[in-house]
Each structure stands twice: as structure tokens, then as C-alpha cells.
Amino acid sequence: MTARRGLKCHCLPTSRALLLAAALCMPHLWVAVHAAQPADAPANSDDGNWTMPGRDYSATRFSPLHEISTQTVKNLQVAFTFSVGTARGQESAPIVVGHTLYIVSSFPNILYALDLEKAGAPVKWRFEPKPEASAQGEACCEGVNRGPTVSDGRVFFVTTDDQAVAVDAQSGQKLWQVRLGDYTKGETLTMAPLVVKGNVLIGNSGGEFGARGWLTSLDAATGKQRWRAYSTGPDTNVLIGADYQPFYAMDRGKDLGVSSWPADAWQQGGGSVWGWLSYDPELDLVFYGTGNPSPWNDSVRPGDNKFTAGIFARNPQDGRARWFYQLDPHDLFDHDAVNELVLMDLQVDGQKRKVLVRPDRNGLMYVIDRKTGEVLSADAFTLVNSNHGVDLKTGRLQYAEDKKPANGKVVRNICPAAPGAKDWNPSAYSKETGFLYVPHNNMCMDWESTATSYIAGTPYLGASVKYFPASGGVGGEFMAWDVQHRRKAWAVPEAWPVFSGAAANAGGLVFYGTLDGWFKALDASSGAVLWQFKTGSGIIGQPTMFRGPDGHDYVAILSGIGGWPGAVVSNNLDTRDATAGNGWGEILKALKGQVNKGGMLYVFALPH
Amino acid sequence: MIARALIGILMIAVIALSLSLVRVERDFAPKPGRPSPAEASVALGTLKPGGDALPTATEPSGYREDAASVSNGQSAYENFNCVGCHQHGGGGIGPALIDDEWIYGSLPMEIYRTISEGRPNGMPAFREKIPETQLWQLVSYVRALGGLVPSVRLPARTDHLQATPPLSLQERQVPTSGSVETEP
């Protein structure tokens, strides 16, 4: 009986059902519901919802909706807009469950619920967590927020000053609010939680401040911590035990999180967990990446710097690590390994393999066996001269000697640049085309390693950098990657680095936005631009799609420049300094004159 | 005769040399003290319905804006990780310093207070972390970044011998003070 109720909580499509679901999904039913079914797994069903930023546990960002299609998209028009009231970078994915749309603004991280049943989608309620203003100075890339996530009638989100909050999805009443870290030491929260079997999974940010990375599980009902897995330190802290079986010898050994560092350097060694998680219910494994080691200057941290810049597979219930693979041992270039991990089944050498696909900052498209952690392929998807790819026998990234940073020396033309061939902004994957749609950068950089010392709460970098276009005078590209055939299917050059996420649908479309404010719909097969709309500010958000109470399909995107690159505009940086914003002064000089800040939600639909 | 001429030339040379050695006197370690609370009063706006109640704050007598101070300030700017937020003046997490906008004022005393006491949207308070002398040197460097120090007083080169390798080649020093995260 409870199992059936559990299913109802997620499958009934009407608004009445949502109220029913809220009533049924009371905390006391939690355990029974989840024993029967991984109920917070929103199956890839055509229910019109978009409950978490990745849309599903496989992080496909693919909507089965098709009213807005290659045929109809030319008529797409604004349905409603909403100012989010803050003017820094807006990275939140608009989340829709039933008849409510949820977004989180940039600092002070206000959670809004918009009522889709009423004309113009007015505010149903708002929740203001009131984070400490000082925490803004501890966020590398503004007090951004990558979105709320909704599970079983609760909305979960985080704040810049390290709070995790659960709010009742219907009423907006606070259920719990807990502090997970100490922002005065450079630790902040920016990521979108993922909920798996009653575990709210949240990781920290702060790799630019020497914050020691972790992933934490909170009980969805109470906010009580279930486990915390650090990215550095002794095995007991990293939750490495008997069931840890990494594929490669380089990731095996006792207490590598201590021994692969100079004495005690792991305590401010970074490896923050600010990106995307995926979950495979069959293997019962959660996958996520760890950030760059701290500081950027690699000369002060000889060793592999485990377990930074790699991918963990963990059991969601107790956090125990199953495998780890280090993409960038002893990272040299701020190449966090936190990008999205898209789960799919692939034919590899005639065999069906359960894989995860990762377009990484280091410029390689990894296909990894998600059961074992074995790298099946790693192909460059843009100009890469800082490494020669992965030695598939050892799993080790082969750094190019001539691009290794050295103290007191400027190393020029390192490709990709520090923000990577692709940063955090997630790709979308369509089973129908077999393409991964990747919004990414086309940048190289000059790098000088400099002195730095650890002062708690101040940046721990030790590098001066500046970025410039890799080729063709353009800073970005939006491409379709043919996953099966391991090659680029098509690509659209973009003037500016692309820092918006992507979303695809069954109507044969893929959506993304640009730093200068264009929101575009492309033919997912050919890459032809079928529709575009100029929003008020620059776009660094994540598009999502949903079916409204009226039965029609909608596309949503937040406009509002900021974040790491966009701070040039939103924090009024002076681009006469090429290193402004930690490297963006030169490449974004002209953008500053073209775009203004301002956070605004845009929702589009066909005329009806 | 030749000897007298030589002596004459020598004397001229000595006089010229001694003249060339006349140099600007400067204190090598000026020590401006911590301002008293009264001195430290700084108005952040121009509206004063109560009249000029706030005294105009002036920097202490030891404060210098010269090549040595600016150059030392630049070293402090890098060593205390100011550069991580403000970059080389263009700004980043914190605002730009080479532009003409001064949110909390551009007077030496105002900049001193900004660094010492911090500001609400993320500027840390460096009081007790940065020694007083270096803090004032930082003030002079920040003003130099903003173009507020006459260029004739700015250093043309780093103001010290190359007695040690570049700072970037120094061994890593873990500070003994300041907090390091410990295990819960």
C-alpha cells in the first residue's frame, strides 16, 4: 500500500494529484516508500515535469516533450517573464513540478515559487534564507546558485554562506535549515543538491581558497548529516574501505589522500565538490567529480594530490567509495573534474557497456565504464596542447612537458585555458540523435606561477593568468558530439565563451544561451539555428522544458550575466588589467560595452 | 704644472662626485602608528544634516607616498593575497582598484580603514594580520594603482637588491598563525 502511494507521489500528473502527493509523502512514510522503489527517481517519463537540474538521474537534460519542434519553433514567443531581484550571475535551472516553477536567485539566494496556473505566473511564495553578506567575498565566482531540486514534496537548495535548506514545495514553509561549513575559511555552497534514496547530497565550493572538499549526505526528512566523504586526507575521512576497487594502480594504496601531498598540505588541498552528480539505480552508485587541488601553483604541492581532479563512485547510503579515477593527477591548470557525468549504454567493441560520458575541462571527452572506472576512450574535442591524451594502460593523463608551469616564468599559449575546454555548464544528450550537445570554450592562456601563502579566508592561488581565443578569433563553440563514433557531428562557433547549459527535446531541438544574451534553438540533427531571442542580459543559466497546466509546452531560461567570466560585467571589472576576474580582462573587453547585468526569468511557448 | 693641473682636475672630480652623492633623505622604516578612534572617523557620504560633525581624518605623520612605500606595498599586496581578489588592479571577486570608483573612499585614512576593518560585502578585516607599517604601505600602493600618487614618486623598478631569488621561487611557508581546518 505504501509502495503504491510512493509511486503516486511521482506519477500522477494533475494538480489535484500534487496536493494529494504532498499529503501522502509525509515524512513518516519515507522509509516504506523507499524500500519499495527508488521513488525520488523521476523516471524519464512524459509527465511534463523537470524536477532536478539534470532532469533525470542519468543527467541527460532531455525532455520527451515535442510540441515545440523543428517545425513549430519559429513561432516561439515570450509567455511570461519575472525579475529575480538580484543582478549578479544567474545559473539556476528553472525547476517545474506540477503547477509550480522554482528558481533560486544569485546571492542572497532567494527561492521563488511561481504559480503556473495563474496568468503571468505570479509569485506563489518566496523563501529568503538571508545569508551573511560577507560570504560574497569568499565565493570565487559570485554568490551563484545552480538551482533547487524537488523531491517528494520538498524543495532543497543551498546558500553562499553554507546553509542547506528544505522547504515545503506547496506552502513554502521551512522544514529544516542547517549549516554545513565555515565560509570564513573560504568554503561556500553553489551547487544543486541531488536526492537519492532519501539522501540529500551536497558538496562544497572553495578550491580557490584552499577549502578542503567534501560531499555530504543529509537525511531528506530531518537535515541530519548521514555521512561526509572528504576529497583529501586519510582513508577514514575519504570513506575508503574494503569495497574500494579503483581500476588503475595509480589510484590504489593506503591513505593516498595524505601521502600524495607534502606534509599536511591536504588540509588546505581543495578538491571541492561543486559540480554535478549522477546516479545509477541498478548499480546503486552515485558518481561525481572533485575540483582542482589548491593552490593553483603546482610547485608547492609535489605528488598526485589525491583525491582532487577525479571522479568518485560511491554508495549513496553510507558514502563508501567503490572506485576513483584521477583525470588530472597533480593538476597544473585549475582543471576541476566536476563537470556533468551523462550515463548511457554504449556499444564498445561489439559489447554493450554501461558508461558515463564526461566532456572535461582538460579538453578530453571521456567514456568511462561506470561499473569499474575503466577509461574506454578519451578524445580531444577542441584544441588541446597541454596534454597528449590518456595512456589507456595506466589511466594516466600525459602532460605536455613544454606547457608545464614554472615559477618565475610565463608559459604561453597553453590550451585549453584554466576555465577549461568546457566549464560547469552542462551538456544535454539525446538518445534520438545519439549526440551529446556541448556548450564550451575555445580558449588558450598565458600562465605565470607566483608566490602565495595560505591565509584562511583569502584566495590561495599563486598564479597570474590571461585567456584569449584559441583560434578563429572566437572564444566559444556549441557542438554536437557523436558519442558512438567519437567525433564532432557539427559545431556552431560563438563569439564568446559559452557558459550556458544545454537542453534537448523530442521535438528535435536543442537550446542554449550566450554571454551576450541570445537564447537559441538549434536543429539537433544539423545544428541549424531555427530560432533565437535576445534577452536583457547575458545568459549563464540552464534551460529547462515543461508542460504547463494548460497542456502546452514551455521553455525556460534565466538571463543575468555574472559568474566567473561575467563578473567582468556584473562586478564592473577594469579590463585594462588582462588578469581581471582571474584571467578574463582581455578576452571579454568588448563584451563589457555590450551587455548589462540584471536577473530575469524568460519563459517561452508557442501561441495558443 | 702638469701635477697642479692634475690636482685641479682631481679636485673638480671629487667635488662633482660628492655632489652626485647628495641624495634625498628618507626614513627606511617610517612607522605610522594606528590611528586613534577620533582620527579614524571617516564619513562615507557627503550628506551631513548635523553639519560637519565628523572631523576630517588625516593620515598619521609617518605615512609616505614614495617609491619605497609603494614598492613595499606591492610586495604586501601579493603576499597577503590581495591579488587573488583584486588581481593586478582590474578586480575580480573584489572591485577594481585601477578605475576611478572608490566605494569606501580614496583618502589614505579611508583606504586604511577599508583594509583594517573590512567592508560588509566580503572585504576581510586584515587588522591584526597585516603589521601596521605594511598596512600603510599597502594604502600607498592601492592609491598608486588608482593613479592618485604622482608618477615622479613611483618606483621604476623593484626597490631592493636581487639578494634572494624571486619571491615565486621561495620555498613554501605554512603560516603558523591563522586557522587551518581541523578534523571534526
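In chain B, helix α2 and helix α5 (residues 132–145) pack at an angle of about 100°, with their axes 7 Å apart. Axes here are lines fitted to C-alpha atoms, for helices over the stretch in contact, and angles run from 0 to 180 degrees between N-to-C directions. Angles of 65 to 115 degrees count as roughly perpendicular, under 35 as roughly parallel, over 145 as roughly antiparallel and the rest as oblique; α2(B) and α5(B) are therefore roughly perpendicular to each other.

Let me state the conventions. This is a predicted model, in which local features need pLDDT of at least 70, side-chain atom pairs count only at pLDDT 80 or more, and totals for chains, interfaces and linings use all residues. Residues are numbered from 1 along each chain as its sequence is written, while chains are lettered from A and ligands numbered from 1 in the order in which they are written. Helices (H or I, at least four residues) and strands (E, at least two) are DSSP runs, numbered from the N terminus.

Returning to the helix pair, the residues that α2(B) contributes include Ser69(B), Val70(B) and Tyr77(B), and among those they meet in α5(B) are Leu138(B) and Tyr141(B). Contact requires C-beta atoms, placed from the backbone, within 7 Å. The residues of this contact divide into six nonpolar, seven polar and no charged. Ala, Val, Leu, Ile, Met, Phe, Trp, Tyr, Cys and Pro count as nonpolar, Asp, Glu, Lys and Arg as charged, and the others, Gly among them, as polar.

Which elements of chain B give two or more residues to the side that touches chain A? The contact takes 38 residues from chain B and 39 residues from chain A; on the side of chain B, the elements in question are α2 (67–79) and α3 (82–86). That side divides into 15 nonpolar, 17 polar and six charged residues.

I turn to chain A. Helix α6 (residues 563–570) has eight of its eight residues buried, Trp564(A) and Val568(A) among them. A residue is buried if 20 or more other C-beta atoms lie within 10 Å of its own, exposed if 12 or fewer, and partly exposed in between, with C-beta atoms placed from the backbone. The cover includes α7 (580–583) and α8 (589–594) of chain A.

Finally, chain A has an open four-stranded sheet in the order β26-β27-β30-β31, with antiparallel pairing. Strands pair if DSSP finds at least two bridges between them. β27 (residues 435–441) and β30 (residues 476–482) of chain A share seven bridges, and Phe435(A) stands opposite Asp482(A) in β30(A).

Key. Contact = placed C-beta atoms within 7 Å.
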